[in-house]
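Let's walk through this model from the inside out, starting with a helix and ending with a few loops. Keep the viewer open as you read.

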Amino acid sequence: MDIELFNYNLPIELIAQSPADKRDNSRLLVINKSTKTYEDKHFFDIIDYLKPGDVIVRNNTKVLPVRLFGIKEETNAKVEVLLLKEIKKDTYECLCGNARVIKVGSKIKFSKRLSGECLQIKDEGIRVIHFIYEGIFIEILEEIGHMPLPPYIKKQLVSNDRYQTVYAKVIGSAAAPTAGFHFTEELFKKMKKKGVEVLDVTLQIGLDTFRPVKVKDTKDHHMHSEYYEITKEVADKLNRAKQEKRRIIALGTTSTRTLEANFTKYKRFTATKENTDIFIYPSYKFKAIDALITNFHLPKSTLIMLVSAFMTREFTLNCYEHAVKNKYRFFSFGDACFIF
């Protein structure tokens, strides 16, 4: 499909630059994809649309503050480095700002305790950097690092915690599963009291979050591989829910990709630790999930393609047009949809 089919007009002022004051006070567009209808609500209203026996699956990945600012030692050029994926101990694939100044052998100083050396040059601003440090690497990142906010967010966060979900647990992502930002511990308690089951999977969000679709046709776009985990306990509970015809609700596109990749490969939910490069776009037939909680996504992105596969491209763009007219907030810190 031509990616222009997934384009829409978005006024720049609707791109949310900061999170809602209270997580569940963000707005919620409740979408019934069968009747092609929608309602304007607030996120805390989602409890009214959940039923006893529903299963919500969330991605419990945790983001480290892996955005670093440093100086190239030879020239004092300013360098921005975003750690994407650990290749081996202390050696990472990184997305670099001002990448043209970073050559093989270039040394970068980030602080008194942390420096790096470029070992390899890759395409599109990617460099392989080996880090040298004193102490514990994670503690240094938490001390000097910034959250890897998307490029459309220009404001710095007051607190790094607002670029984490309240259930973040497993360290390893280069970006947050942002649909989860709307949930509070109180809301989860209400859901469990209502009889909604909450399960965790892990998908470590990587490079594709920062890479726009640059090809003209979806068939030419290659999704980079991302690591995911599903435990036996979670797989068994998901299979039981399927057997009992209870709704499986994916919290976010990363949970969706995890569940669909797993079910597609094994024909049932199966405990595993592996990689997936699943790319979901229209004509894809969903096998694992029955409903989806997600934010409003960038034009021509793989994420709006996934949503379009779930409820048709035409209806997706119709819902987005409604959201624009009614001044919903878009992207990572923006408002949400519940699609069922």
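Start with α5, where Thr302, Ile304, Met305, Leu306, Val307, Ser308, Ala309, Phe310 and Met311 are buried; buried here means under 20% relative accessible area, with exposed over 50% and partly exposed in between (1.4 Å probe, protein chains only). Helices (H or I, at least four residues) and strands (E, at least two) are DSSP runs, numbered from the N terminus. Before going on, note that this is a predicted model, in which local features need pLDDT of at least 70 and side-chain atom pairs count only at pLDDT 80 or more, while totals for chains, interfaces and linings use all residues. Residues are numbered from 1 along each chain as its sequence is written, and side-chain values use heavy atoms, with hydrogens and water left out.

Back to the helix. Nine of the 10 residues of α5 are buried, so the rest of the structure largely encloses it. The cover over those buried residues includes β1, α4 (253-266), β16, α6 and β17 (336-339); contact means heavy atoms within 4.5 Å. After α5 comes threonine 312, with a positive phi near 75°.

Next up is α6. Here Phe315, Thr316, Leu317, Cys319, Tyr320, His322, Ala323 and Val324 are buried, and what covers them includes β1 (27-32), β2 (37-42), β16 (291-295) and α5 (302-311).

In soluble globular proteins, nonpolar side chains tend to be buried together. How many residues does the largest nonpolar core have? It has 66, and Tyr163, Leu238, Leu259 and Phe330 have the most contacts inside it. The helix we started with, α5, gives the most to this core, with seven residues. A second, separate core of 26 residues includes Cys96, Ile108, Cys118 and Ile129. A nonpolar core is a set of buried Ala, Val, Leu, Ile, Met, Phe, Trp, Tyr and Cys residues joined through side-chain atoms within 4.5 Å. For a look at one neighbourhood, pick tyrosine 163: leaving aside neighbours within four places in sequence, its contacts include Val63, Met147, Leu157, Thr178, Phe181 and Phe333.

On a 1 Å grid over the protein atoms alone, a cavity is a set of points where a 1.4 Å probe fits but cannot get out, and a pocket is an open set with protein on both sides within 12 Å along at least five of seven lines; lining residues have an atom within 4 Å of a point. Grid points are joined across faces, edges and corners, and a volume is the space filled by probe spheres set on the points. There is one cavity of 30 Å³ or more by this rule, and the largest cavity holds about 80 Å³ of space. Its lining includes Arg23, Arg162, Thr178, Phe181, Asn295 and Phe333. By class, the lining of the largest cavity has four nonpolar, six polar and two charged residues; Ala, Val, Leu, Ile, Met, Phe, Trp, Tyr, Cys and Pro count as nonpolar, Asp, Glu, Lys and Arg as charged, and the others, Gly among them, as polar.

The second largest pocket contains about 510 Å³ of space. Of its 24 lining residues, Leu84, Lys85, Glu86, Gly172 and Ser173 lie nearest its centre. The largest share of this lining, four residues, comes from β6. The class count for the second largest pocket is 13 nonpolar, seven polar and four charged residues.

Last, a few single residues. Phenylalanine 69 sits in strand β5 (residues 67-72) and counts as partly exposed at 39% relative accessibility. Most residues other than glycine have a negative phi. Aspartate 90, in the loop between β6 and β7, has a positive phi near 65° and counts as buried at 13% relative accessibility. Lysine 245, in the loop between α3 (232-243) and β14 (248-251), has a positive phi near 55°, but is exposed, with a relative accessible area of 75%.
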